[in-house]
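Here is a friendly tour of one protein and its ligand. Have the sequence and the 3D view open as you read.

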Amino acid sequence: MKKLGVAILGLGVVGSGTYKILTENKEYFKVKEGLDITVESVLEINKARIEALGIEKSKVAKNIEEVVSNRNVDVVVEVMGGVTFAKDFVLSALSSGKTVVTSNKELVAKYWPELEQTAKKKNVGFFYEASSVGGVPVIRTLIESMQGNHITSISGIINGTTNYILTQMTDNGWSYEDALKEAQKLGFAEANPTADVEGFDATYKISILSSLAFNKKISIENIYREGITNLKEKDIKFAKKLGYVIKILGIGKDTKNGIEVRVHPTLVKNDSALANVKGSFNAVKIEGDSVGEITLTGRGAGSMPTASAVVSDVIFAGKHSEFYYQPFNVEKQKPVKYVKDFTSKYFVRLESKLNNSEVNKLEKIFGKKIVINKIVKEESEKLDIVILTELASEKQMLKALDKIKALKDLTVENLIRVED
Ligand code: HSE
């Protein structure tokens, strides 16, 4: 039977899950996959993590050199996160002829071509299923199951932490702070949760997914990004009143005007499929010209779901001796044409003093190009005004908001895009 030696760099949330699956299922993998997988080495500075998993001292490496020079190690699993050490360690493993499996979306999104090229030079594999959408096998679906398609869009809920926070705030009235704390406790959030709540994590993921979908390297600098930290309870409340829930979506489209990629909070109809993807669950909708629409859904974050994706890559690596490398070559790639302006429907929340005559100017400010679909007004100490528009250009909308901001007694509290 083929033996496969694995090293794990980092025994945090994903690393410990990976260790558990690989060790607890050793016999199962022998029977089912014909692979005798052994964790030969781990690299982790936190002793408590090593002890909690009961790992023998002889398997604990002192440094990366010890890992990459270990002849029993075939596959190095990088689940440390961050890019400084992770990049050096991954390059060192690939250069030493080890196949690498990583869950590190920031690493892949930022340094993908360099990592792929190093892997290709050494004829080893570079796998990253766990980098996007946790346990949901989106990457393999794109690479291995949708070749017969030109993919025109890929979009959905691709961050578990923010979906968990928004679900708790919307369904259970939790505060943002409590929901974030719980997401951290449950192992959904990144070590620095800013990556989640400010939309960086989703940006890395949609960069990877849209690059694979559209067969061009989509750089993170060209992705519009907005997190959930500007959302207020009032946004959630008014969205609900209008029949919507707020989700943060990653959206990638290949249009006749160019590539459009963005990450931002979005109102979706409360009876839509996406509205019912709750907690740490993710959902990704892919549209191909042959197959039509496919939606994949499942747990997008957490120890075991993410480790499930890592292990699938380890097994894939163990069963293949020829590897596939992404064909996009950034140096040779024609410049990607990005859409500079896009259209969307909008939810605009304003506040004003009571009996403020400036409110009457709104329709004129929006003008003919931004059609108002609905206005809701609610009086308390102040007047809350919520406007839903028809499809309009983002540029036009931002121009209109600048004009509203210039009014003395009216404040723009939030602008959220709407997908019907
Ligand atoms: N922090 C990430 C999330 C982990 O919440 O989705 C999985 O990529």
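## The ligand shell

By class, the residues around the ligand divide into 3 nonpolar, 4 polar and 5 charged (Ala, Val, Leu, Ile, Met, Phe, Trp, Tyr, Cys and Pro count as nonpolar, Asp, Glu, Lys and Arg as charged, and the others, Gly among them, as polar). This is a predicted model, where local features need pLDDT of at least 70 and side-chain atom pairs count only at pLDDT 80 or more, while totals for chains, interfaces and linings use all residues. Residues are numbered from 1 along each chain as its sequence is written, and side-chain values use heavy atoms, leaving out hydrogens and water.

Members of the shell (a heavy atom within 4 Å of the ligand) include Phe188, Glu190, Asp196 and Asp201. Helices α8 (160–172) and α11 (200–214) each contribute at least two shell residues (helices are DSSP runs of H or I, at least four residues, numbered from the N terminus).

The protein covers 95% of the 260 Å² of accessible area that the ligand has on its own (Shrake-Rupley method, 1.4 Å probe).

## Domains 2 and 3

The domain assignment, automatic or from a database, lists domain 1 (2–134 + 306–319), domain 2 (138–301) and domain 3 (343–418). Between domain 2 and domain 3, the C-alpha centres are 26 Å apart. Their contact (heavy atoms within 4.5 Å) takes 19 residues from domain 2 and 15 residues from domain 3.
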